[in-house]
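This briefing is meant for a reader who is meeting this structure for the first time. Please look over the sequence and the model shown here before going on to the notes that follow.

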Amino acid sequence: MTSPSARDADTVGPRRTDRPAPPDRPDRSAPPDRLDLIQAAWRRERPDLDPSPQGVIGRLHRVAGHLTDELVAVYRQHGLSEGDFDVLATLRRAGAPYERTAGDLAEHTLVTSGGMTKRIDRLEAAGLVTRRVAERDARARVVALTDAGRTLIDAAFTDHLANEHRLLAALDPADVEALRGILTRWLARLEDPPPTP
């Protein structure tokens with residue numbers, strides 16, 4: 001079964017608002033969306049298969065794509081990429097003196113060591129972090145926020161949280177809490193517990 005991507009799963013025609021909602025949609029008053037049309041097409045073409053998982057997973061893909069666009073727009077207002085923001089935020093939430101080894105950063109941001117090196121190079125060139133040899137291991141490098149880096153990430157994170165509150169405000173508070181519980185339980189089945197922040 002083909003799963004839709006974050007933007008387009010299949011090419012679909014214009015949305016029709018006079019069609020009844022599919023049986024797996026709880027909100028039968030809403031017009032069919034892109035995933036409804038995709039599932040309907042697969043039910044027609046492959047009636048031997050059950051495309052209902054697309055109703056959840058496909059929508060998660062699309063929501064994730066839209067959310068990423070909304071979040072990245074705020075990072076860019078501060079001159080940061082998504083990766084830049086991730087590194088600076090990881091250093092900032094570590095607490096004073098706002099530093100971690102490059103290996104710790106890679107682990108906490110789920111980035112390969114090679115990718116992390118490029119990020120650190122860019123942030124160091126911008127004067128947002130410094131890098132030095134670790135005292136206990138000459139092979140390791142310690143990355144620390146500069147004063148400019150701390151000022152920037154504090155401002156960016158303030159705007160980031162305001163943006164996240166704005167995005168969640170589109171949902172009822174009860175739906176937000178339900179999603180939090182569902183996603184927490186699902187994520188726990190998909191990945192190992194994270195390292196200590």
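Tyr75 and Phe85 are both buried, where buried means under 20% relative accessible area, exposed means over 50%, and partly exposed lies in between (1.4 Å probe, protein chains only). The model is a predicted one, in which local features need pLDDT of at least 70 and side-chain atom pairs count only at pLDDT 80 or more, while totals for chains, interfaces and linings use all residues. Residues are numbered from 1 along each chain as its sequence is written, and side-chain values use heavy atoms, with hydrogens and water left out.

**The aromatic pair**

- The structure holds one aromatic pair; rings of Phe, Tyr and Trp (its six-membered ring) pair if their centres lie within 6.5 Å, and planes under 30 degrees apart count as stacked, over 60 as edge-to-face and the rest as tilted.
- The ring centres of Tyr75 and Phe85 are 4.3 Å apart and the ring planes stand at 20 degrees, so this pair is stacked.

**The chain as a whole**

- The protein chain has seven helices and three strands, where helices (H or I, at least four residues) and strands (E, at least two) are DSSP runs numbered from the N terminus.
- Followed along the sequence, these elements give the pattern α-α-α-β-α-α-β-β-α-α.
- Of the 197 residues in the protein chain, 30% are buried.
- Among the contacts in the protein chain with a separation of 6 or more, 52% are accounted for by residues 24 or more positions apart, a contact being heavy atoms within 4.5 Å.
- The protein chain exposes about 12900 Å², of which carbon and sulfur atoms supply 55%; accessible areas come from the Shrake-Rupley method with a 1.4 Å probe, and for residues only the protein chains shown count as cover.

**The sheet**

- Three strands form an open sheet in the order β1-β3-β2, with antiparallel pairing, and two strands are taken to pair if DSSP finds at least two bridges between them.
- The edge strands are β1 and β2 (129–133), each of which pairs on one side only, and the twist averages 25 degrees from one strand to the next.
- Three bridges join β1 to β3, whereas five bridges join β2 to β3.
- Val142 in β3 is the bridge partner of Thr101 and also stands opposite Arg132, while Val143 in β3 is the bridge partner of Arg131.
- Strand β3 is mostly covered, with four of its five residues buried.

**Helices around the sheet**

- Helix α3 lies across β1, β2 and β3 and runs at about 90 degrees to β3; axes are lines fitted to C-alpha atoms, for helices over the stretch in contact, and angles run from 0 to 180 degrees between N-to-C directions.
- Helix α5 lies across β2 and β3, running at about 120 degrees to β2.
- In helix α4 (residues 102–109), the residues Leu105, Ala106, His108 and Thr109 are buried, and what covers the buried residues of α4 includes α3 (82–92), β1 (99–101), α5 (113–125) and β3 (141–145).

- Asp33, placed in the segment before α1 (34–45), is buried with a relative accessible area of 19%.
- The side chain of Asp33 has a polar atom 3.1 Å from the backbone nitrogen of Leu35, and a polar contact of 2.9 Å joins the side chains of Asp33 and Arg59.
- A polar contact is a pair of N or O atoms within 3.5 Å; within protein, one must be able to donate a hydrogen and the other to accept it, and residues adjacent in sequence count only if both atoms are side-chain atoms.
- Gln54, in helix α2 (residues 53–77), is buried with a relative accessible area of 2%, and the C-alpha atoms of Gln54 and Asp36, 18 residues apart along the chain, are separated by 8.9 Å.
- Thr146, in the loop between β3 and α6 (147–168), is buried with a relative accessible area of 17%.
- The side chain of Thr146 reaches the backbone oxygen of Gly127 at 2.7 Å, and, leaving aside residues up to four places away in sequence, Thr146 touches Gly127, Leu128, Val129 and Thr130.
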